[in-house]
Amino acid sequence: MYEGSQLFATPPFDTATLVYALYCDGGSWSGNAAAPVIAKPNATAPPQTIYYRGRPLLDALIDSLLAAGLDKASELLFAGCSAGGLTAYMHADYVASRMPPSVTTVALADAMFSIDTADAQGVPVFPRLMSWVFNAMNSSASVDQDCLAANPNGTVCMFGANTAPYVKTPLFVLNSKYDTWQGGGIIGAGGCVNNISNCSTAIQHFWVGYGNRMIVALESLPPQHGGFLSNCQAHCQTGGGEWQTRTIDGVSMGAAFISWYNDAVSSTQPSSTSHRHYEACDVTPCRDDTC
């Protein structure tokens, strides 16, 4: 979540305690490598020592917060955007397991409902990158363990859309079908990442298919999970000014999340569709939907 997000001005979060945790290694708090890595950013730069220790840091953070009073909370929203969104997918159940029974834990993943796929040219650029992260950072103990048990190739559990079906903690998926970061990092769209209409026909066709795969993945999730998938091109949508103005079928992004949240923390079991909002058309907003 971005600091200053409109979410924090929305009841009930306008009176909540906010913890904003930063990290910098790209592994979504999953690293548990025993030895440091010596790296050189370029040929002339001095060597730097890097520690892939995100998981012990996450444990220390939770320990510190519990000691500071988190154990007295009634509700915990575990959330993040971009790599922090992947953090929500990967660690929601673990974080929930660390809370006392009196704390109701739910999660919000803003972006990185990523599909495990090669890019539009058929090159598995992002899967190779996540395989490197999984192995180099020793992330096997940090990915969702139910996902890992079902997929011995644990790299697949570094993708939000792969992990979400195994998450038991109520989870809200927030993503653009044409996510601008995924456009470059996964689709391989190059210079047209911010405007799919400027992409070649081949890139557009591939990206539309990718967005439609997001819809299929959302619809297949357990019923406690909600979602909001719009055609508006964006990345990390909780940080901008669209919380109350981006709509699907007349429902704003913020209203969709709050409705789901209220049911999730009250243990109201929703139907499989009541908190899932997505645009079934392609590229531009459907009907009267707004960005």
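Is the disulfide of Cys232 and Cys291 left-handed or right-handed? It is left-handed, because the torsion about the S-S bond of Cys232 and Cys291 is about -95°.

Before going on, note that this is a predicted model, where local features need pLDDT of at least 70, side-chain atom pairs count only at pLDDT 80 or more, and totals for chains, interfaces and linings use all residues. Residues are numbered from 1 along each chain as its sequence is written, and side-chain values use heavy atoms, leaving out hydrogens and water.

**Stop one: stay with Cys232 and Cys291.** Their sulfurs are 2.0 Å apart, and a disulfide is a pair of cysteine sulfur atoms within 2.5 Å. Cys232 has 2% relative accessibility and counts as buried, while Cys291 is partly exposed at 41%. Here buried means under 20% relative accessible area, exposed over 50%, and partly exposed in between (1.4 Å probe, protein chains only).

**Stop two: select Cys147 and Cys157.** This disulfide has its sulfur atoms 2.2 Å apart. With -95° about the S-S bond, the link is left-handed. Both Cys147 and Cys157 are buried.

**Stop three: select Cys192 and Cys199.** A disulfide joins them, S to S 2.0 Å. The torsion about their S-S bond is about 105°, so this disulfide is right-handed. Cys192 and Cys199 are both buried.

**Last stop: zoom out.** How many disulfides does a search of the whole structure find? The search finds four. With the bonded cysteines numbered in sequence order, the pairing is 1-2, 3-4, 5-8, 6-7.
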